[in-house]
Amino acid sequence: MNIRSLTRGDGVVIGAAVLLFIASFLSFYSYDCAGSICPTEPNGWKAGLFPVLPSIFLAGIIAAALVVAARFQPEGRKLLGLELVQWGTAFAVFAAWSSLWTIIGGAQGVSPGVGQILGLLANAALAAAVLLTPRTPALKAPLVSAPGPQAPSPYGAGPNPGYGYPGPGGAQPGAAGPYGAQAPQPYGAQPVQPDASLGGAAAPQPAAGQAAAAPAGDFAPFWFAVPVPRPLYAEDGSPSQIAELAPGTWYLAVEQRGEALVAQTQDGRRGVLQDTTGIQRG
């Protein structure tokens, strides 16, 4: 569960659900009377107001729960033939329509209470957020901004032991060694050959036919984020999914294979991201 997959529209949905839950405990009707003969103002949980509770308050809360739960599920997962967002949209519109229909009219001497008015406002905001989020860039923006990407470390650097040359406990560059010992050279560098005219021993020459080190490719690792959840497949080309990349999280691209990328997750797993459309580079 990644909270960074929530959008600003989801934040409005969550806030509307909280307001709807609070409104269910407030007076649903207000009576225009005075004195001891006035009945008690009921709230949404009173049995005599059925079906106010399931059609207005519970329907809106269930709609918000379905919409938010859909953000943490794999894309395309369905319930009885419909996606969770589609179910949540239907419940949200139904709850808003029930609130509007209930507040219109009413018996003489009975006025809408605080709970009924807040319930209408919460359901209207809930339905508007669910319907407009997929179409409004401002509502589609992440609710929690992702941290800025860090520059990828060179191979062998970092806190993980056992990687790079020299290993833990090995000689460090620039460290003094025994007299006459040659300081360790960087990987791929040619040793300095002393001048024979100064009495120094000739340095060993590379063996005949030894290939020179190949130059580094043009690809440089970079950080990226995906706009929607996307699967990460195994590097051996099998169709098995090893992870799912979530929006709002930065991943490291370590290799490019045609249009696909070899990505590394935060826990060190590597796989092939086949769909790279719309990714955001860091």
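This is a predicted model: local features need pLDDT of at least 70, side-chain atom pairs count only at pLDDT 80 or more; totals for chains, interfaces and linings use all residues.
Two spots in the backbone are worth a look: a cis peptide bond between phenylalanine 50 and proline 51, and a positive phi at leucine 80. Then there's a nonpolar patch on the surface, with about 860 Å² of accessible area together.

- Most peptide bonds are trans, and most residues other than glycine have a negative phi.
- The bond joining phenylalanine 50 and proline 51 is cis, with omega at about 10°.
- You'll find proline 51 in the loop that runs between strand 1 (29-31) and helix 2 (52-70).
- Leucine 80 isn't a glycine, yet its phi is positive, at about 55°.
- Leucine 80 also sits in a loop, this one between strand 2 (78-79) and strand 3 (82-83).
- With a relative accessible area of 76%, leucine 80 counts as exposed, because the cut-off for that is over 50%.

**The nonpolar patch**

- The patch is made up of Ile14, Val18, Phe21, Ile22, Phe25, Leu26, Trp45, Leu58, Ile62 and Val114.
- Helix 1 (8-23) and helix 2 each put in at least two residues.
- Helix 1 gives the largest share of the patch, with 4 residues.

**A closer look at isoleucine 22**

- Isoleucine 22 is one of the patch residues, and its place is in helix 1.
- Its relative accessibility is 46%, so isoleucine 22 is partly exposed.

Conventions:
Residues are numbered from 1 along each chain as its sequence is written. Side-chain values use heavy atoms; hydrogens and water are left out. Buried means under 20% relative accessible area, exposed over 50%, partly exposed in between (1.4 Å probe, protein chains only). Patches are made of residues with over 30% relative accessible area and no salt bridge: like charges are joined within 9 Å, nonpolar side chains (Val, Leu, Ile, Met, Phe, Trp, Tyr) within 5 Å. Accessible areas come from the Shrake-Rupley method with a 1.4 Å probe; for residues, only the protein chains shown count as cover. A salt bridge is a side-chain nitrogen of Lys or Arg within 4 Å of a carboxyl oxygen of Asp or Glu.
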